[in-house]
Amino acid sequence: MTTIQHADIKRILPHRHPILQIDRVVEFEQDRRIVATKAISGSEPCYAGLDADADHAFPVSLMVESLGQAGGVLWLHSAALSGEQHTGTLIFGSARDIVVTGAAYPGDVLRHVVELESVKGDNAFMRGEVRVDDRPVVTVGSMLAVLRADEDL
Amino acid sequence: MYASPLSAVDKTEIGADGTVTAIKDIVADDPYLAGHYPHFTIYPGVFTIETVLQAARAALEVDGATAHLVGITSVHFKAPLLPGDRLTADLTMDRSTEAPSIVRVKAKCHRADGQSCGRITLALRVRP
Amino acid sequence: MTTAINQAKMDELRDIAVEVLEIEDDEITPTSMFIEDHDADSLRAIEILARIEKKYKIDIPQAELPNMVNLSAVYEVVAKYAGWQD
């Protein structure tokens, strides 16, 4: 088990506030699996301006982003530990079979479990699940993250 | 009203055949974009999903109905979106006869220069 | 040299391609081109390659990607790395 604190996640991912949607890595198995948490707070930008009658479910798009970032940490940190150099910008390439089975609200802590299936050059295939209190809320059958040189963007 | 990361639809047009076209101008000072990324702003792929989702919800949440995302069958991103660009998403929406509360949305997204920036297929559950 | 085609394996490859390309079974032929005919891009090509690797537990170098332009070509490449004999 390896814990990676929030500040150190910033040495691995280029994302910054407020789109850095991972708080802490609680388990890390190089090249295999990661468990990371993200606490949902009512002070997130997505809750600005919402009154009492609004639906406060945390946006699924941000849950997917958060899960994807956990996968990004798994990939990039594993590569760094192997001494591999990766340059370029991390891009969400594609995903398949995302199923939403629940909702998460301010006060919940999202727990992401992501497995790295394979890496082909600058492309990483992963799958994962977002849980709240061990209840799955979003499952991602497969997703592909890619590194693209800034000139190619 | 519901929580969303940003307003991902600036304008919506409904075609005669029921297709919904949503337009979003990409601006660097939208919420969340400051961190994506500090060295180079690029519209997050998940926000393209938001554009499609918000457009679909607006079209379906009429007369008190609510529409919630139940799944994203597939999403493929192509050319990236940068500030100053315009995202246009053309949505077709179908209800399945076997499960009439489920609406399947297929969206083709492109940039101002016409290049495809993504294809998204998702499903919403509509409750009256 | 052309490998004799094992139809069952060709069908498996077709199932993978059809799923990744999101087309119907009858839209694809052994020679229809992924990029020109089925609107594929490099990401979809990589997805097809990764699924094939997972299914047959083989490793196909990324350098083979430009060769994998249609189902017949994919079959040739996979046969080489999976050691399919006729």
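Tutor: Start where two chains meet: E3(A) and strand E3 (residues 66-77) of chain B pair in the antiparallel sense over 5 bridges. Strands pair here if DSSP finds at least two bridges between them. Helices (H or I, at least four residues) and strands (E, at least two) are DSSP runs, numbered from the N terminus. This is a predicted model: local features need pLDDT of at least 70, side-chain atom pairs count only at pLDDT 80 or more, and totals for chains, interfaces and linings use all residues. Residues are numbered from 1 along each chain as its sequence is written, while chains are lettered from A and ligands numbered from 1 in the order in which they are written.

Student: Which residue in E3(B) is the bridge partner of Ala95(A)?
Tutor: Val75(B) is the partner of Ala95(A).

Student: What order do the strands of the sheet come in?
Tutor: The open sheet has 12 strands, with antiparallel pairing. The order is E1(A)-E2(A)-E4(A)-E5(A)-E6(A)-E3(A)-E3(B)-E6(B)-E5(B)-E4(B)-E2(B)-E1(B).

Student: Which strands stand at the edges?
Tutor: Strand E1 (24-29) of chain A and strand E1 (11-14) of chain B. Each has a single partner strand, so one side of each is left without a neighbour in the sheet. From one strand to the next, the twist averages 25 degrees.

Student: What holds strands together in general?
Tutor: Strands of a sheet pair through backbone hydrogen bonds, either parallel or antiparallel.

Student: How many bridges link E4(A) and E5(A)?
Tutor: E4(A) and E5(A) pair over 10 bridges, in the antiparallel sense. Leu116(A) stands opposite Met126(A) in E5(A).

Student: And on the chain B side, which strands pair with E4(B)?
Tutor: Strand E2 (residues 20-25) of chain B pairs with strand E4 (residues 86-95) of chain B over 6 bridges, antiparallel. There, Thr21(B) has Asp90(B) as its bridge partner. E4(B) is also joined by 8 bridges to strand E5 (residues 102-110) of chain B, again antiparallel. Met93(B) stands opposite Val105(B) in that pair. E4(B) and E5(B) form a hairpin, with 6 residues between them.

Student: Back to chains A and B. How many residues does the contact take from each?
Tutor: The contact takes 36 residues from chain A and 29 residues from chain B. Two residues are in contact if their C-beta atoms, placed from the backbone, lie within 7 Å. On the side of chain A that touches chain B, E3(A) gives the most, with 11 residues. That side divides into 22 nonpolar, 7 polar and 7 charged residues. Ala, Val, Leu, Ile, Met, Phe, Trp, Tyr, Cys and Pro count as nonpolar, Asp, Glu, Lys and Arg as charged, and the others, Gly among them, as polar.

Student: How many residues of chain A are in contact with chain C?
Tutor: 9 residues of chain A are in contact with 8 residues of chain C. E4(A) gives the most to that side of chain A, with 3 residues. By class, the side has 2 nonpolar, 5 polar and 2 charged residues.

Student: What is chain C made of?
Tutor: Chain C has 4 helices and 0 strands. Its radius of gyration is 12 Å, close to the 12 Å that the globule rule gives for 86 residues, so chain C is as compact as a globular protein of that length. The radius is taken over C-alpha atoms, and the rule is 2.2 Å times the number of residues to the power 0.38.

Student: At what angle do H1(C) and H3(C) cross?
Tutor: The axes of helix H1 (residues 7-21) of chain C and helix H3 (residues 42-56) of chain C come within 10 Å and cross at roughly 140 degrees. Axes are lines fitted to C-alpha atoms, for helices over the stretch in contact, and angles run from 0 to 180 degrees between N-to-C directions. H1(C) and H3(C) are therefore oblique to each other. Angles under 35 degrees count as roughly parallel, over 145 as roughly antiparallel, 65 to 115 as roughly perpendicular and the rest as oblique.
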